[in-house]
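Student: I am new to this structure and would like to learn how to read it. Could you walk me through a few features?

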Amino acid sequence: MRILLIHANSFSFHVTGETSVALPAELDKAGSEGNVDEALVAFMAAEKGDDKNIASVADQVVQEILRLTSQLGTQNVVVYPYAHLSSLLSSPRVAVKLLDEIYSCLKSKNELLVVMRAPFGYYKAFEISCKGHPLSELAKTITPTTGAEKEGAEEESEAIKAEKSLESEWVIMAPGEKSAYYGPAEDFPFKKRPNLKKLFKYEESGTRTSDQPPPHIELMRRMELVDYEPGSDPGNFRWYPKGQLIKRLAETYVSNLITQYGGMQVETPIMYDYQHPKLHSYLQRFPARQYVLLSDEKEYFLRFAACFGQYLIQHDMQISHNHLPSKLYELTHYSFRREQSGELAGLKRLRTFTMPDLHTLAKDVEQAKEEFVRQVDLAIQCMEGFGLDFEVAIRLVKDFADGNKAFVEDLVSRCGRPALIELWEERFFYFVAKLEFNFIDALDKAACLSTVQIDVENPQRFDITYVDDKGNKQYPLLLHASISGSIDRVLYAMLEAQALRMKKGKKAQFPFWLAPVQLRIIPVSEKFDQNCKDVFTKIPYRIDYDDRDISMGRKIREAEKEWVPYILVLGAKEAADGHLSVRTRDGAQRKMAISELLAEIESRMTGKPFLDLPLPKYVSRRPIFIG
RNA sequence: GCCAGCGUAGCUCAGCAGGUAGAGCUACUGAUUUGUAAUCAGUGGGUCGGGGGUUCGAGUCCCUCCGCUGGCUCCA
């Protein structure tokens, strides 16, 4: 940062126009004009590199100014952004941050000082009368210090700070029993719900220990689904054909559920103006760190969810009360969160992920609760489709909980299991109610999948309105819902669930509709090549043919290792009687006609999407992605 | 981001008294034509995560960067 300090008899300025980096918020903070007698005027320009340690730069500037004001015996200071001091300017965001930091720091360090700040990003006219004594003109270059104390909290949002001071009360509510708030959660008889106990401990204690990596990481690679990509930022994965197939199927399944329910599918940009006033204040309310990128001088952040894109659409929509409830839906390819590197964990926690994001506008609390319940039902259906068990957590602001007991009871009974309920005295976040489905993994850790929330903040922030039956504009309530949770995380949960099965000595398997290879034909010898090819064309599912020159035993072993649900062995006997020898994952070997097999498969596929085999149909033609 | 551990062939791993790298699987070639979880033989394959240093000599010791995993923290 460059600073030019001038001790002036008098100083005044007024805004004459906007530059390309003007921010309306600056005028609120600094005003569009000002004048002062007898002051130290600090012209300053933030430079590239200052962002490495904003606090250190600000601190040095403040020290410099304080030293000089005490030497000069003046109590008036003007903080004046003046780009012309440098030809290597920082981004506007950093500059504003520095100005704010310097401004507030000056005031807090010396309460007697009267500090005036001029707005950043505007053309300004100024008049100055320099005193001209030896100390009255001083120019300095300030560089950030590096090393031990780096500016860690710099990007911390208000929500992250708030969360740290959050105090919660935990209770358990069981289904079916009226107003069955079981006092403190510790007293709940957890014997029948060991996973709920794990969730409670996980949430309440905040401590989680494990001496081993999560098993899904090995599985995601061994099954050739997903892998790390060293050529990208950590937490950005590559998807191999089998993984990509599962992902696409899962996405299609969730999207179908949502659009059938009435979600109107849209697509919105993945990056947004960092200085957009509405978005900026929203960022402050969401506890996530962003990727920031530059386009010319402007900074953009990559979205952490589809929220803003949809809010901006909803802001522009003409909505009458007759249109409500109104639902916008997007499957985010992708959402980005710059998680701290130590927070990343396989498919459980990524920096780039895919998530179904549904936003529902409701005209009143009754309608909001009605849709909330329907969305919870959808989430339950979704978990069943993925074959996942889950534990329910409901987080409520106490006022809302007290006023809506029947609603909460209804939610719990629909979920059909006792739920962990977290109660907050005050509303720290943008929602008053949030329901989550948590998955408990092989290491007893919890991960949130589906979630539905009632947002009471963002319609106002984004000026989303509808017209009521009297012709007046009203703010709707807003439901956020991620019916399945992140798709990546769904795969994590499915793999962890299989790791748990294997731990108990059972065979792992994907839900049939998601198995990358659903059937494999194995010939007893090459002689039955043509028979295999014939069967192959009669089965319209993801079937492949192991035509490699290796033993049959080996082929069966490898098909088992790939979790293939149906292994069809074809030799002389089958060629003779036209039946199939069907080996399934329960260990059974059945003699079946093709029609019988097809009927069985059909019943397992109902209501689920289908996509073709994403690999060569002949196993001998198939490259290996991971050892 | 901080602290700790780890990084050797495509995969899983051995080698650590500092002396110039090894096994199994895979791949490739050949033999074999097989009845429900591994047929036999042969041949390839490595800037020991990157960079720097100590040493006559470094996979091995030191520094640094990158990545992964665990903890803190955080979350879809």
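Tutor: Gladly! Let us start with the idea of a nonpolar core: a set of buried Ala, Val, Leu, Ile, Met, Phe, Trp, Tyr and Cys residues joined through side-chain atoms within 4.5 Å. Keep in mind that this is a predicted model.

Student: Which residues touch the most other members of the largest nonpolar core?

Tutor: They are L347, F386, I394, F437, L491, L568 and L597, in a core of 127 residues. Helix α10, which spans residues 365-386, supplies the largest share, 10 residues. Domain 2 (216-338 + 354-495) and domain 3 (512-621) both contribute residues, so the core lies between them.

Student: Which residues is I394 in contact with, leaving aside its neighbours within four places in sequence?

Tutor: Its partners are V408, L411, V412, A419, L420, I421, E422, K434 and L435.

Student: How do I read whether a residue is buried or exposed?

Tutor: Look at its relative accessible area: under 20% counts as buried, over 50% as exposed, and anything in between as partly exposed. Take S484, in the loop between β23 (477-482) and α14 (487-503). S484 has a relative accessible area of 0%, so this residue is buried. Beyond four places in sequence, S484 touches V254, P356, C382, M383, F386, L449, S450 and V490.

Student: Now for sheets. What holds the strands together?

Tutor: Strands of a sheet pair through backbone hydrogen bonds, either parallel or antiparallel. Here, one open sheet has three strands in the order β12-β14-β13, with antiparallel pairing.

Student: Which are the edge strands?

Tutor: They are β12 (271-273) and β13 (292-295), each pairing on one side only. From one strand to the next, the twist averages 40 degrees.

Student: How many bridges join β13 to β14?

Tutor: There are four, and β14 (residues 298-302) runs antiparallel to β13. To find a facing pair, look for V292, which stands opposite F301 in β14.

Terms used
Residues numbered from 1 in each chain as written. Chains lettered and ligands numbered in written order. Predicted model: local features only at pLDDT ≥ 70, side-chain atom pairs only at ≥ 80, totals over all residues. Heavy atoms only, no water. Buried < 20%, exposed > 50% of the residue type's maximum accessible area, 1.4 Å probe, protein only. Helix = DSSP H or I, 4+ residues; strand = E, 2+ residues; numbered from the N terminus. Domains from an automatic or database assignment. Contact = heavy atoms within 4.5 Å. Pairing = 2+ DSSP bridges. Axes fitted to C-alpha atoms, helices over the stretch in contact; angles between N-to-C directions.
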